[in-house]
Every structure is written in C-alpha cells, then in structure tokens.
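Q: I am new to this entry. Could you show it to me, please?

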Amino acid sequence: MEKINYRTKTHKGWINIDIDLPKFMKYFKKTSPEWYVKRGNKNEVKDRIDKFGKFILQNNKDVVPAEFYFLIDKTTFALKLIIVNGRHRLAWLLENGYKEAIISVPKNQSNLFNEFRTNN
C-alpha cells in the first residue's frame with residue numbers, strides 16, 4: 001500500500017487532522033447519505049474514483065486533503081457533516097484498504113472531529 005503524501009497548506013482558518021477512515025466514513029454515510037460516495041452508488045461521479053486512483057499511482061504529487069465542516073440541520077437540529085471536496089478521494093482510499101487519512105476542517109470546529117482522530 002502506497003503512503004499518501006498530503007498537502008500541508010490549508011485555507012486560512014482551517015487545519016489538517018488525521019482520522020480513522022473507516023469510522024469517519026461510516027459516520028459520513030449515516031449523517032449525509034446524499035453526499036456519501038462509494039463505487040456504484042448514485043452519488044459517484046462517473047470514473048472519478050478511478051481517476052483519483054490513477055493520479056495516486058502515477059504521480060508523486062501531494063494530495064489535497066478532503067474538506068469537511070459541520071452545520072446544524074434545520075429540521076432535526078442535529079449536526080450534519082458537510083463535504084466541500086474530496087469525497088471520491090476518500091472512497092478510493094477506503095476501497096483500497098487505507099485505515100487512516102488526513103482531512104481539512106475549520107479550526108474553530110476541530111473539537112467536533114475529536115472522535116474520529118487517530119492521534120488523540
């Protein structure tokens with residue numbers, strides 16, 4: 001399994017964190033099924049998972065971490081996980097047996113992601 005090199009630069013006010021990928025993706029699927037991606041589901045953009053896989057295997061470039069934040073669901077008043085970008089990247093990593101990944105989150109929400117961190 002190839003080691004993934006992640007870009008360390010983030011948006012202003014955001015930080016990168018290490019996550020337990022299977023645990024995080026299970027939560028993502030539960031709270032945001034309309035955005036959760038896996039191969040063959042209705043949310044997959046055609047060939048995007050495979051294109052990321054080719055990128056990883058053919059390039060030595062840094063991967064931009066997927067970006068997530070939380071919003072309050074106006075109907076249930078529960079926290080809803082929102083993805084900015086990177087859902088196909090995470091799907092490929094999970095599909096290929098990766099147990100950890102790095103995501104980027106707003107610094108002022110980083111504590112909301114503590115249960116998914118690998119480096120508590």
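Q: What percentage of the 120 residues in the protein chain is buried?
A: Buried residues account for 39% of the 120 residues, where buried means under 20% relative accessible area, exposed over 50% and partly exposed in between, with a 1.4 Å probe and protein chains only. This is a predicted model, in which local features need pLDDT of at least 70 and side-chain atom pairs count only at pLDDT 80 or more, while totals for chains, interfaces and linings use all residues. Residues are numbered from 1 along each chain as its sequence is written, and side-chain values use heavy atoms, with hydrogens and water left out.

Q: Which helices and strands are there, and in what pattern?
A: The protein chain has 3 helices and 4 strands, in the order β-α-α-β-β-α-β along the sequence. Helices (H or I, at least four residues) and strands (E, at least two) are DSSP runs, numbered from the N terminus.

Q: And which strand does β2 pair with in the antiparallel sense?
A: Strand β2 runs antiparallel to strand β3 (residues 79-85), with 6 bridges joining them. Two strands pair if DSSP finds at least two bridges between them.

Q: Which residues face each other there?
A: I72 stands opposite L79 in β3, and F68 has I83 as its bridge partner.

Q: What lies between β2 and β3?
A: The two strands form a hairpin with 6 residues between them. In the turn, F77 has a positive phi of about 60°.

Q: How many bridges link β2 and β4?
A: Strand β2 (residues 66-72) and strand β4 (residues 100-106) pair in the parallel sense over 2 bridges. E67 stands opposite S104 in β4.

Q: Changing topic, what is the radius of gyration of the protein chain?
A: The value is 14 Å, which agrees with a compact globule of 120 residues, because such a globule would have a radius near 14 Å. The radius is taken over C-alpha atoms, and the globule rule is 2.2 Å times the number of residues to the power 0.38. Along its principal axes, the C-alpha trace spans about 45 × 30 × 25 Å.

Q: How many of the contacts join residues at least 24 apart?
A: Among contacts between residues at least 6 apart in sequence, 72% do so; contact means heavy atoms within 4.5 Å.
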